Amino acid sequence: MDDIVNILSGSYKTVTFRPGDRFYWSPETREVFYDRSVQQPQGLWSLLHETGHALLEHKSYQADYELIRLEVDAWEKAKALASDLAVTIDEDHVQDCIDTYRDWLYARSICPRCGNKSLQQANLAQYQCFNCHETWKVTPSRFCRTYRSTKHAQKANFVFRLADES
Ligand SMILES: [Zn+2]
Ligand SMILES: [Zn+2]
């Protein structure tokens with residue numbers, strides 16, 4: 001992985017690569033963080049995926065429905081980078097990541113009161129149900145939910161009821 005990081009940082013001077021505790025792209029600081037402890041080749045694939053976000057200049061805080069397209073685009077870019085580096089990214093892994101992401105976004109949009117699928121509000125921080133008018137907050141949209149096995153643990157963190165708070 002360090003070899004590939006060296007190649008990437010040599011090729012893309014406007015992006016900074018830093019070791020971290022997970023994989024993500026920070027558009028504000030133009031940094032790609034990567035986790036050295038993840039097994040290979042999955043770690044390398046994630047590194048290339050985050051680099052894809054970076055090279056495509058993706059920003060966070062976009063509407064949820066747009067994020068799926070950005071995820072797909074970042075994987076396409078990752079595959080192009082991979083072929084330049086003679087690395088093969090497993091297509092099942094890519095589809096699994098995108099499915100997990102789609103599930104996560106879908107779960108955010110389901111009304112906690114009545115189960116209706118709802119629309120994200122213009123401020124992107126909350127959803128409102130047009131059936132029962134419940135509103136709920138969501139954490140800012142983030143790129144890259146990659147692992148199905150952690151889906152349920154994450155679920156508890158990203159939906160907050162507003163109704164019970166005031
Ligand atoms: Zn509802
Ligand atoms: Zn991503």
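1. Two strands pair if DSSP finds at least two bridges between them, and strands (E, at least two residues) and helices (H or I, at least four) are DSSP runs, numbered from the N terminus. With that in hand, a few friendly notes on this predicted model, where local features need pLDDT of at least 70, side-chain atom pairs count only at pLDDT 80 or more, and totals for chains, interfaces and linings use all residues. Residues are numbered from 1 along each chain as its sequence is written, while chains are lettered from A and ligands numbered from 1 in the order in which they are written.

2. The sheet is open, with three strands in the order β1-β3-β2 and mixed pairing. Because β1 (16-19) and β2 (24-26) are edge strands with a single partner strand each, one side of each has no neighbour in the sheet.

3. Strand β3 (residues 31-34) runs antiparallel to β2, and three bridges join the two. W25 has V32 in β3 as its bridge partner. Helix α2 (residues 42-55) packs on the sheet and touches β2 and β3; residues are in contact if their C-beta atoms, placed from the backbone, lie within 7 Å.

4. Do have a look at the helix pair. Helix α3 (residues 64-84) packs against helix α4 (residues 91-108) at about 170°, with axes 10 Å apart; axes are lines fitted to C-alpha atoms, for helices over the stretch in contact, and angles run from 0 to 180 degrees between N-to-C directions. That makes α3 roughly antiparallel to α4 (over 145 degrees). Among the residues meeting here are W75 of α3 and Y101 of α4.

Key:
Parallel < 35°, antiparallel > 145°, perpendicular 65-115°, else oblique. Contact = placed C-beta atoms within 7 Å.
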